[in-house]
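Trainee: I would like to learn how to read a model like this one. Where do we begin?

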Amino acid sequence: MQTVRIFTQDLDRIDRSKGQFAFTSDWNLPRNHTFTYFTDKDGEQAAEEAYHITNAPGEYLEREFEQHIAERFRATKTMSLSVGDVVRVGDRVEYLCASEGWLSRRFA
C-alpha cells in the first residue's frame, strides 16, 4: 500500500509580486496538505487515480473504493485536483499536475 497525499494551492498566499500565478505548473506555489488516503497503485498511476477520483462525477467512479475516497474528499470542501496541485506518492516522489500530464520529482 502507498500513502497518497494531496496538496492543493493556497490561493490566499499566492504572491503575484513574486511572479506566482494560480493554476500554473510551478513547484514553488504555496500549498496546503488537504487530503490523504491509501492505495494499491504506485507512482504516476496513483497520481492519475487521485486526479480521477477528485474530478470525476460519481457515476464515473466504478469501484466502491473510489466512491468512498471521493465522498471523503468532497466532505473536506476542497476543490478538485487541478493544474498546479501536487500529489505525493509514498515518501519519495511528488507529481505536479501540469496542463498536460504530470511533472515528477524525487526527494530524499
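Mentor: Begin with a cut-off: a residue is called buried under 20% relative accessible area, exposed over 50%, and partly exposed in between. Keep in mind too that this is a predicted model.

Trainee: Is Lys77 buried or exposed by that rule?

Mentor: Lys77 has 74% relative accessibility, so this residue counts as exposed. Lys77 sits in the loop between α2 (64–75) and β3. Its backbone deserves a look as well: phi is positive, about 60 degrees, although Lys77 is not a glycine.

Trainee: Let us step back to the whole chain. How many helices and strands does the protein chain have?

Mentor: The protein chain has two helices and five strands. Read from the N terminus, their order is β-β-α-α-β-β-β.

Trainee: How does the radius of gyration of the protein chain agree with that of a compact globule?

Mentor: The general idea is to compare the value with a rule based on the number of residues. For 108 residues, a compact globule would have a radius of gyration near 13 Å; the protein chain has 14 Å, so the two agree. The C-alpha trace spans about 45 × 30 × 20 Å along its principal axes.

Trainee: What share of the residues is buried, and what share of the contacts joins residues 24 or more positions apart?

Mentor: Buried residues are 41% of the 108 in the protein chain. Among contacts with a separation of 6 or more, 55% are between residues 24 or more positions apart. As for the surface, the protein chain exposes about 6600 Å², of which carbon and sulfur atoms supply 46%.

Trainee: Can we take one example of contacts? Which residues does Thr34 contact, leaving aside its neighbours within four places in sequence?

Mentor: Here contact means heavy atoms within 4.5 Å. On that basis Thr34 touches Ile6, Thr8, Thr76 and Thr78. Thr34 itself belongs to strand β2 (residues 31–39).

Trainee: Now the strands. How many residues of β4 are buried?

Mentor: Five of the five residues in β4 (residues 93–97) are buried. To read a strand, look at each face in turn. On one side of β4 are Val93, Tyr95 and Cys97, on the other Glu94 and Leu96, and both faces are covered.

Trainee: In which sense does β4 pair with β3 and with β5?

Mentor: Count the bridges and note the direction. β3 (residues 86–89) pairs with β4 in the antiparallel sense over four bridges, and Val87 stands opposite Tyr95 there. β4 also pairs with β5 (residues 102–106) in the antiparallel sense, over five bridges. In that pairing Cys97 stands opposite Trp102.

Trainee: Which residues take a positive phi in the hairpins of β3 and β4 and of β4 and β5?

Mentor: In the hairpin of β3 and β4, with three residues between the strands, Gly90 has a positive phi near 70 degrees. The hairpin of β4 and β5 has four residues between the strands, and Gly101 takes a positive phi near 85 degrees.

Trainee: Last, charges. How far apart are the mean positions of the positive and negative charges?

Mentor: The protein chain has 14 positive and 18 negative charges, and their mean positions are 7 Å apart.

Key
Residues numbered from 1 in each chain as written. Predicted model: local features only at pLDDT ≥ 70, side-chain atom pairs only at ≥ 80, totals over all residues. Heavy atoms only, no water. Rg over C-alpha atoms; globule rule 2.2 N^0.38 Å. Buried < 20%, exposed > 50% of the residue type's maximum accessible area, 1.4 Å probe, protein only. Areas by Shrake-Rupley, 256 points an atom, 1.4 Å probe, with all protein chains shown as cover. Lys, Arg positive; Asp, Glu negative; His and termini not counted. Charge placed at Lys NZ, Arg CZ, Asp CG, Glu CD. Pairing = 2+ DSSP bridges.
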